[in-house]
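Subject: Structure handover

Hello,

Here is the structure I promised you. Please open it next to this email and follow along.

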Amino acid sequence: MDIENLKQFRKNLIVNNTSVSELEYTKDNYDNDGNLIKEALPTITTDFCEIGLHNDEVYLVFILESKTFNLKLFNAVKNKSNVKIYGFINFNQTLYPVINFNYDSFIKLVQKDRYLQIQFDFKNITTADLLNEYANIVNIFDTNKVAVVNQLKVYLTG
């Protein structure tokens, strides 16, 4: 996916009556290995998540209130090959997936932080398929009654 695809995806969100920001270039982003990315990344934000591009891959980052995270939500997302769950304050520590995963230990770590981040990465995806993935993920959060932070209205800092 490239910047033109991201712009088209933004237009598709608008057509579907989704609140979405202008295209921005954000700094202080980290890659999947926890390294600071030097360049600013193109991003858009909806009332559910931040959507950005890095190395031709699109990512969706949802921030939710940890106290609303539940086993039903975990079971709905855990088998997605492109999911990564990590904290807000200690965002460089991947909570899931990890070797020797233990749900009880995981949930204790989740509850230590006010917010939890769940990220989905997509490579080689069309804007139409990305829109379907976005809608499906939003539906999972809605169905499981978790409180997702509206990043259009709330500016969060570590």
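Some ground rules before the rest. This is a predicted model, where local features need pLDDT of at least 70 and side-chain atom pairs count only at pLDDT 80 or more, while totals for chains, interfaces and linings use all residues. Residues are numbered from 1 along each chain as its sequence is written, and side-chain values use heavy atoms, with hydrogens and water left out. Helices (H or I, at least four residues) and strands (E, at least two) are DSSP runs, numbered from the N terminus.

Two strands pair if DSSP finds at least two bridges between them. Strand β2 (residues 41-45) pairs with β3 in the antiparallel sense, over three bridges. Thr43 has Gly52 of β3 as its bridge partner. β2 and β3 form a hairpin, with three residues between them.

β3 and β4 also run antiparallel, joined by six bridges. Cys49 stands opposite Phe62 in β4. The hairpin of β3 and β4 has two residues between the strands. There, Asn55 takes a positive phi near 55 degrees.

**Salt bridges**

Side chains of opposite charge can pair when their charged atoms come close. The structure holds four salt bridges (a side-chain nitrogen of Lys or Arg within 4 Å of a carboxyl oxygen of Asp or Glu). Here are some of them.

- Lys7 and Glu4 meet at 3.6 Å, N to O. They are three residues apart in helix α1 (residues 3-15), so about one helical turn separates them. Lys7 is partly exposed, at 36% relative accessibility. Glu4 is partly exposed too, at 49%.
- Glu22 and Arg10 meet at 3.3 Å, N to O. This pair links distant parts of the chain, twelve residues apart: Glu22 is in the loop between α1 and β1 (24-26), Arg10 in helix α1. Glu22 is exposed, at 55%. Arg10 is buried, at 17%.
- Glu57 and Lys123 have their closest N and O atoms 3.8 Å apart. Glu57 lies in strand β4 (residues 57-65) and Lys123 in strand β7 (residues 115-123), 66 residues apart. Glu57 is buried, at 15%. Lys123 is exposed, at 57%.

Best wishes

How values were computed
Buried < 20%, exposed > 50% of the residue type's maximum accessible area, 1.4 Å probe, protein only.
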